[in-house]
Amino acid sequence: MLLTLASGSLFFPGLFALCTWGLRRARPAWSDSDCVMISTRLVSSVQAVLATGSGIVIIRSCSDVITDRGSGETWGTSLSAASSWQN
C-alpha cells in the first residue's frame, strides 16, 4: 500500500512537470500560465481515467458490492490482504 502511495506521489507531479516542460518547448508563444493550466487539466484527466478504471475493476470483481466486503473483516486484516495482493 505504501509502495502505491509512493508511486502516485512521484508519478503525478512527474507527469505535471513533463507536460509543462513539453508544452513550453512545443509552444513557446504560450504564456507560462497557459502551459500550467493545460498541464493541470491533463494530469487531472489521467487521474480521473485511472480512478474510473480501478473502480470498474473493483465493481467487476464483486458479485454484490454492498455485501462482498467480507464478514468479520477489520482494518488490520484488510491491510494484510491488500499487501498480500501486491506481492
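## Cysteines

The count of disulfides in this predicted model comes to zero. A disulfide is a covalent bond between the sulfur atoms of two cysteines. To be counted here, a pair of cysteine sulfur atoms must lie within 2.5 Å.

Cys19 is buried, because its relative accessible area of 12% falls under the 20% cut-off. Cys35 is also buried, with a relative accessible area of 0%.

## Helix H1

Helix H1 covers residues 2–26, which makes 25 residues.

Which residues of H1 are buried? They are Leu15, Cys19, Thr20 and Leu23. These buried residues pack against helix H2, which covers residues 32–61.

## Thr20

Thr20 is found in helix H1. Thr20 is buried, because its relative accessible area is 5% and the cut-off for buried is under 20%.

Leaving aside residues up to four places away in sequence, Thr20 touches Cys35, Val36 and Ser39. One of these contacts, Cys35, is itself buried, at 0% relative accessible area.

## The aromatic pair

A search of the whole structure finds one aromatic pair. The rings of Phe11 and Phe12 have their centres 5.0 Å apart, with their planes at 75 degrees. Planes over 60 degrees apart count as edge-to-face, so the pair is edge-to-face.

Is Phe11 buried, partly exposed or exposed? With a relative accessible area of 43%, Phe11 is partly exposed.

Methods:
Residues numbered from 1 in each chain as written. Predicted model: local features only at pLDDT ≥ 70, side-chain atom pairs only at ≥ 80, totals over all residues. Heavy atoms only, no water. Helix = DSSP H or I, 4+ residues; strand = E, 2+ residues; numbered from the N terminus. Expected span 1.5 Å × (residues − 1). Buried < 20%, exposed > 50% of the residue type's maximum accessible area, 1.4 Å probe, protein only. Contact = heavy atoms within 4.5 Å. Phe/Tyr/Trp six-rings, centres within 6.5 Å; stacked < 30°, edge-to-face > 60°.
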